[in-house]
Amino acid sequence: MVTALTTNSPQTANFRHALLWKAWQESRARFFSALALVVIVVSYAILISTDWLARYNSFHPTEPLPYSAFIWSGLFNWLLQATWILAAFVLGLGGLRREGATGSALFTLALPIARTHLLLSRAMVAIAESMLLALTPALLIPLLSSATGHTYPWSQGLLFSLSMGIAGMVFLCVSLLLSSLLEGEFTAPVVGILIVGSVFLGSKQWQVHKWSILDVMSAANSIDPSTQYLRGPLPWLGLSVCTLASLTLLSCSIIVLRRRDF
Amino acid sequence: MKMLLLKAWTETRVRFFSSLLAAVVVCLYHVTQHAWLVTMWTHTLANDPKALTHFPWMPLGISSYNWYLWHYLFDNYLQQIWVLFAVLFAFGGLAREKLNGTAPFSLGLPISRKRWLLSRLLIAFIESIALAVFAIAFTAIASIAIHQTFSVTGLILHTTLMVATGIFFIAFGDLCSSLFPGEYLAIILTLLIFGTPYLIVQTYEQHMRVLGRGDWLRNIDLAHIMAGPWQLTWTTLPWLGMAIMWTMTALLLIAAIKHGDRVDY
């Protein structure tokens with residue numbers, strides 16, 4: 001647990017910097033681990049792609065799978081998406097409720113800062129870290145693709161990554177809300193796993209499939225079925241609904257935290 | 001000893017009850033999806049002449065409910081959920097107590113660190129067994145409710161194999177929990193070190209088996225060792241894989257005990 005020292009500069013801006021620094025200190029190990037996880041997943045998928053596609057296409061010679069379809073279905077619509085959701089969820093954990101359990105909440109609460117600012121600074125850092133994680137594949141996929149003799153457009157990687165990051169903020173905000181509600185170190189992650197798992201299985205049901213947040217994250221309804229490139233604009237309606245849901249969850253977290261007695 | 005077990009149970013019971021809920025969600029989903037999937041597969045086979053080439057397992061999926069249960073539960077989702085919770089049950093202990101500042105109280109008791117560790121692992125193991133038993137009992141009841149017949153022996157054998165070999169994950173989770181004491185760090189590092197290779201190799205090797213091909217990666221496909229072949233008998237049990245996993249479990253436990261003895265709280 002890191003305690004921000006702010007005794008020399010009472011200005012609000014300095015406090016905010018200190019809070020951001022504190023949130024970064026507390027989450028940076030998780031961030032770098034998650035970054036390594038994302039890099040491993042993307043590198044693995046691209047490194048096996050040539051061999052995998054050759055085998056697949058020899059088995060299905062009449063319907064060869066293009067490299068772009070492999071990248072979208074294997075990464076943006078599956079493995080990378082799952083990895084990112086888990087990483088974003090873990091990055092959102094922590095905060096005052098958890099500090100209450102470890103006994104350091106009173107030090108943080110003694111600072112002349114509203115609880116809302118405490119939560120928002122943590123949320124800002126988690127959002128920035130999650131967006132960085134989402135944008136890493138946009139850089140990594142075209143680079144590694146060219147290194148393995150394939151091409152993947154930068155713009156496609158960037159748009160899919162943006163869609164994943166913006167829509168996926170819902171999972172980060174669920175994590176922030178659970179962190180405000182539950183204090184056990186493993187309680188919030190376990191409840192989160194249940195929620196994410198239920199969303200995953202629920203989204204497979206055809207009755208609710210069109211409302212699937214996972215499809216908004218991968219822009220599944222805006223891709224070309226054969227190449228699996230984005231063929232139109234991003235799913236803005238879905239992204240707007242997800243952003244609204246994220247803001248609602250964040251507001252709920254603030255309300256819960258403000259009413260909580262530490 | 002009873003008090004140590006009670007303490008370990010109190011610390012992990014929320015995780016345990018959550019795992020039961022997760023098992024219900026996973027098992028209920030796949031049992032209720034059976035009729036719909038069989039209809040879809042039958043329709044696909046009748047209308048698409050290439051379907052049998054692309055999906056050679058489809059006739060088996062249509063005709064055998066035992067294969068369906070094995071494929072969706074023991075070879076995929078139930079196993080993954082079980083592994084995840086087995087790791088989570090093993091998390092905790094003195095390293096986490098140090099973080100909360102309660103480690104000196106526990107260490108003040110006249111009990112060796114080894115005994116602390118073993119009592120916690122015993123509870124984690126019992127909870128893992130209870131989770132597996134609950135999941136198959138629930139699956140059996142749900143299957144009867146949808147008028148499906150299944151092999152009880154097959155369910156018991158697959159569950160026994162999953163738990164017997166999956167003990168490795170309890171030892172692994174415990175070691176990770178004591179090595180990475182930061183807040184939530186153990187969860188993400190465990191995923192990084194083991195979760196990713198476990199899931200990637202599992203998926204890759206499943207695809208290779210559909211293609212009828214094999215490579216060296218099948219030797220480290222722990223998920224397939226835990227699932228075994230779908231018609232499991234004494235002769236088809238993966239004895240070599242089981243022996244390797246038990247050896248690795250023993251090594252991890254020794255490492256956890258040695259590390260626990262050397263840590264300065």
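What volume does the largest cavity have? About 270 Å³. Before I go on, some housekeeping. This is a predicted model, where local features need pLDDT of at least 70, side-chain atom pairs count only at pLDDT 80 or more, and totals for chains, interfaces and linings use all residues. Residues are numbered from 1 along each chain as its sequence is written, chains are lettered from A and ligands numbered from 1 in the order in which they are written, and side-chain values use heavy atoms, with hydrogens and water left out.

Now, confidence. The model scores ipTM 0.74 and pTM 0.83. Chain B has an average pLDDT of 88, and 100% of its residues score at least 70. pLDDT is the predictor's confidence in each residue, from 0 to 100.

Back to the cavities. The search runs on a 1 Å grid over the protein atoms alone: a cavity is a set of points where a 1.4 Å probe fits but cannot get out, a pocket is an open set with protein on both sides within 12 Å along at least five of seven lines, and lining residues have an atom within 4 Å of a point. Grid points are joined across faces, edges and corners, and a volume is the space filled by probe spheres set on the points. Over the whole structure, two cavities of 30 Å³ or more turn up.

The largest cavity has 25 lining residues. Nearest its centre are Gly93(B), Leu94(B), Trp116(B), Leu117(B) and Arg120(B). Which helix gives the most to this lining? α8(B), with six residues. Helices here are DSSP runs (H or I, at least four residues; strands are E, at least two), numbered from the N terminus. By class, the lining has ten nonpolar, seven polar and eight charged residues. Nonpolar means Ala, Val, Leu, Ile, Met, Phe, Trp, Tyr, Cys and Pro; charged means Asp, Glu, Lys and Arg; the others, Gly among them, are polar.

The second largest cavity holds about 170 Å³. It is lined by 17 residues, including Gly95(A), Leu96(A) and Arg122(A), which are among those nearest its centre. Six are nonpolar, six polar and five charged.

Of its 18 lining residues, Gly184(A), Glu185(A), Glu11(B), Arg15(B) and Asn100(B) are closest to the centre. α1(B) supplies the largest share, five residues. Four of the lining residues are nonpolar, seven polar and seven charged.

Now the helix: α5 of chain B, residues 77-90. Its 14 residues reach 20 Å from first C-alpha to last, close to the 20 Å expected at 1.5 Å a residue. That expected span is 1.5 Å times one less than the number of residues. Is α5(B) mostly covered or mostly open? Mostly covered: eleven of the 14 residues are buried. Buried means under 20% relative accessible area, exposed over 50%, partly exposed in between (1.4 Å probe, protein chains only). Trp82(B) and Phe85(B) are among the buried ones. Just after α5(B), Gly92(B) takes a positive phi of about 125°.

For Cys252(A), the nearest cysteine sulfur, that of Cys173(A), is 10 Å away. Cys252(A) is partly exposed, at 31% relative accessible area. Cys176(B) is buried, at 4%.

Notes
Disulfide = S-S within 2.5 Å.
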